[in-house]
Structures are given as C-alpha cells and as structure tokens.
Amino acid sequence: MKLGFIGTGVMGNAIASNLQKAGYELWVYNRTKAKTDNLVAAGATWCATPQEVTEKTDIIFTMLGFPQDVEQVYYDSQGIFQADVQNKILVDMTTSKPQLAQRIFQTGQKKGAQVLDAPVSGGDIGAKNGTLTIMVGGQQATFDKLQPLFQAVSSKAQLFGPAGAGQNTKMANQIMIAGTMTGMSEMLVYAKAAGLDLNKVLETVGAGSAANWSLTNYGPRILKGDYNPGFFSKHFLKDLRIALDTAEEMKIDLPATKQAKELYEKLVDDKKLGDLGTQALVKLWW
C-alpha cells in the first residue's frame with residue numbers, strides 16, 4: 001500500500017512519521033520542501049506537486065493550514081484532481097469548512113475516488129505520540145478500509161456520518177476548547193493578580209473538577225514562558241471563524257465562542273502573534 005502525504009507542518013510531519021514507523025511507504029509534498037527532509041531521510045520519496053503524489057500512491061492524506069490551501073491542493077492545475085484518482089482514497093485531515101469537505105467528496109465520487117474528511121484533535125503532543133482523536137465524515141466502507149492507518153496515528157477514530165460530518169464534529173470540539181482556553185487564561189490572570197503560587201494553583205485546580213486538557217498541557221508551558229506552537233493561534237482563529245459561520249448558517253447563536261474569537265482576533269490580527277501557540281492568549285494580559 002503506497003501512501004501520499006501532502007502538508008508536513010507541525011501536525012502533518014508527526015502523523016506522516018508515525019505512518020513510516022508503522023511500516024508504510026510514503027511519497028510526500030510540502031510547499032516548503034525542507035519540512036519533508038526528516039521524512040525523506042527516513043525513506044520517503046519527495047514529489048514536486050500534489051498531482052505527482054497522487055499519481056504515485058493509493059491513499060493520499062492532506063494536512064494543511066487553511067480552507068484555501070485545501071482548495072488549492074485539490075483543485076489547482078497541479079492539484080490532486082488533475083491526476084487519475086479512480087479507485088484511490090483521499091483523506092483530508094485539515095480542519096476546514098464542512099461545505100468544502102462535501103464538495104471534495106462530490107468531486108471524488110464523480111472521478112471514481114473514495115473521500116473522507118478526517119480532522120484531528122490532540123495537538124502536537126498527540127500527533128507525536130500517535131494518540132490523536134480523529135473525527136471522520138464519509139462512507140462506512142471507506143472508513144473501515146482506513147482503520148489500520150488510523151490506528152497507527154491515533155488512539156480513537158470515529159465515523160460521525162456523511163461527508164462534512166467530521167468537520168462539524170471538529171467545530172464542536174473547537175467550541176469546547178475555546179471555553180477552556182479563555183477559562184485557563186483568565187484563571188491564571190486572576191491567580192497572578194491575587195499573588196498566588198501559580199505552580200501550586202495549576203496542581204490543585206488540575207486535580208479537581210476544573211481539570212481539562214488545556215490546563216494540563218498548556219498551563220505548564222505558560223509558566224515556563226513557552227509559547228511555541230503545538231497549535232498555531234492563527235489556525236485556531238480560523239477554526240473559530242468557520243464554527244461561527246457554520247453556526248450562523250444553522251441559525252444558532254454562540255455568544256461565548258464569539259467572545260473567544262474576538263480575543264484571538266486581538267492576539268492574531270492586532271498583536272500579530274498568530275504564529276505563537278494558542279496558549280499565547282494570556283499575553284493579552286501579561
């Protein structure tokens with residue numbers, strides 16, 4: 001089974017590396033070629049375009065930054081759909097728009113390909129450790145075929161429904177994370193202003209009913225002054241915008257998520273700190 005992997009940034013590189021470690025042969029492409037160097041050194045084959053990756057492989061994964069990147073990789077003149085995708089499986093792991101996932105699925109169907117949208121949660125740590133959670137939209141038969149690959153990079157993969165359902169599940173996930181990130185940031189700001197020992201606060205709060213993934217994984221990084229991206233703030237802002245746009249289409253109001261989006265807009269758009277991790281939200285106060 002020949003695998004293609006397009007998009008080898010923080011998350012994609014770690015996922016691709018775990019597929020290599022599981023014994024799969026890889027063909028890779030990334031706009032910045034140097035970000036594939038470690039994969040090539042471990043045996044992967046570099047390709048010059050997404051089309052070339054697709055032509056040489058059976059299953060093609062994409063893990064990109066923004067919906068416009070996904071659209072470009074699939075539909076441009078040297079994109080995935082310029083290749084013959086008959087009987088191939090296309091898996092987009094980018095957090096993207098549900099409507100775009102549905103469009104890619106429909107195009108794939110017309111061209112004889114199977115398509116899944118399969119965004120992930122777990123950040124850089126989950127990607128490196130192979131413990132991601134994968135939220136999948138598409139057909140059951142395709143999902144079943146991919147189980148061995150999903151098991152190599154995740155601790156849980158779940159099919160939620162037809163094309164776009166994986167992206168909608170990821171939006172629900174990001175809405176939840178928005179609450180934990182703002183809560184953690186304000187908790188630390190309050191505790192610091194009160195003159196408390198922040199390490200002790202993290203230890204105690206994290207052992208009680210306020211425990212959550214963001215607190216456990218990002219709280220210690222903040223106290224160390226580590227704002228390196230496990231997940232880019234600019235990408236999280238993108239996700240919140242997609243979630244709110246989709247919510248508006250469904251005629252529902254999410255005021256807390258709107259507030260989180262406004263805070264991340266201050267961080268990313270106003271302070272120009274979008275290349276820092278999501279934990280940098282606390283910099284709005286510190």
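Residues are numbered from 1 along each chain as its sequence is written. In this predicted model, local features need pLDDT of at least 70 and side-chain atom pairs count only at pLDDT 80 or more, while totals for chains, interfaces and linings use all residues, and side-chain values use heavy atoms, leaving out hydrogens and water.

**View 1. Helix α9 meets helix α10.** Two packed helices are described by the angle between their axes and the distance between the axes. Here, the axes of α9 (residues 165–193) and α10 (residues 198–205) come within 10 Å and cross at roughly 135°. That makes α9 oblique to α10 (under 35 degrees is roughly parallel, over 145 roughly antiparallel, 65 to 115 roughly perpendicular and the rest oblique). On the α9 side we have M187, L188, A191 and K192, which touch L198, V201 and L202 of α10 (contact means heavy atoms within 4.5 Å). Sorted by class, that contact has six nonpolar residues, one charged and no polar ones (Ala, Val, Leu, Ile, Met, Phe, Trp, Tyr, Cys and Pro are nonpolar, Asp, Glu, Lys and Arg charged, and the others, Gly among them, polar).

**View 2. K251 in a loop.** Look for K251 between α12 (233–249) and α13 (255–270). K251 isn't a glycine, yet its phi is positive, about 60°. K251 is also exposed, with a relative accessible area of 74% (buried is under 20%, exposed over 50%, partly exposed in between, using a 1.4 Å probe and protein chains only).

**View 3. K272 after α13.** K272 sits in the segment following α13. Its phi is positive too, near 60°, in a residue other than glycine. K272 counts as exposed, at 65% relative accessibility.

How values were computed:
Axes fitted to C-alpha atoms, helices over the stretch in contact; angles between N-to-C directions. Helix = DSSP H or I, 4+ residues; strand = E, 2+ residues; numbered from the N terminus.
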